[in-house]
Amino acid sequence: MKDKNCIICNKKKFVLAFPFNTYFNGKIFFYKKCSSCKFVRIFPYPTQQDLKKLYNDKSYHKKFYSIIETNEYKESVNYLEKYLNNRIKLLDFGSGNGHFIKEINKIHKCYGVEFSLETIKRLKKKLRKRLF
Ligand SMILES: [Zn+2]
């Protein structure tokens, strides 16, 4: 995968999206925003080895999502509602514990994408009507 161009608009100019970064697998991952279309991505892209190491840990979602309160998802949904006038369809890329989908589905139709098969199985049981 070409690492320099935006996957949405194909432009090359990015700025830091947040003052935070993530140290994982001996690398620092930054969050960069495309200057043209505002798409936010991780830089550099994680390799297959990075993704395997991250998601093979079966406790991944327990570790990273258990401390997040469902109220934070309610706040996210309320924030999005300020900008959404109509009912829309959404894709939650990286659904985690499914809290966001559960909240946003009260108003909009939302589908989920998850890397971990274990997580997909759990989410399918929890949120029966949603596709993963
Ligand atoms: Zn772009």
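**Getting to know this fold**

Modeller: Among contacts in the protein between residues at least 6 apart in sequence, 39% join residues at least 24 apart. A contact here is a pair with C-beta atoms, placed from the backbone, within 7 Å. This is a predicted model: local features need pLDDT of at least 70 and side-chain atom pairs count only at pLDDT 80 or more, while totals for chains, interfaces and linings use all residues. Residues are numbered from 1 along each chain as its sequence is written.

Biologist: How many helices and strands are there in the protein?

Modeller: Five helices and five strands. Read from the N terminus, the elements go β-β-β-α-α-α-β-α-β-α. They're DSSP runs numbered from the N terminus: helices are H or I with at least four residues, strands are E with at least two.

Biologist: What makes β2 and β3 a pair?

Modeller: Strands pair if DSSP finds at least two bridges between them. Strand β2 (residues 27-34) has four bridges to β3, so the two count as paired, and they run antiparallel.

Biologist: Why are β1 and β3 said to stand at the edges?

Modeller: Three strands form an open antiparallel sheet in the order β1-β2-β3. β1 (14-24) and β3 (40-43) each have a single partner strand, so one side of each has no neighbour in the sheet.

Biologist: And what pairs with β5, in which sense?

Modeller: Strand β4 (residues 89-93) does, in the parallel sense, over five bridges. L90 stands opposite C110 in β5. Between these strands the chain passes through α4, and this β-α-β crossover is right-handed: with the strands pointing away from the viewer, the path from the first strand over the helix to the second runs clockwise.

Biologist: Which residues form the largest nonpolar core?

Modeller: V77, F100, I101, I104 and C110, five residues in total. Helix α4 (residues 99-104) gives the most, with three residues. They count as a core because such a set consists of buried Ala, Val, Leu, Ile, Met, Phe, Trp, Tyr and Cys residues joined through C-beta atoms within 7 Å.

Biologist: What does F100 touch?

Modeller: Leaving out residues up to four places away in sequence, F100 touches Y73, S76 and D92.

Methods: Buried ≥ 20, exposed ≤ 12 C-beta atoms within 10 Å, placed from the backbone. Contact = placed C-beta atoms within 7 Å.
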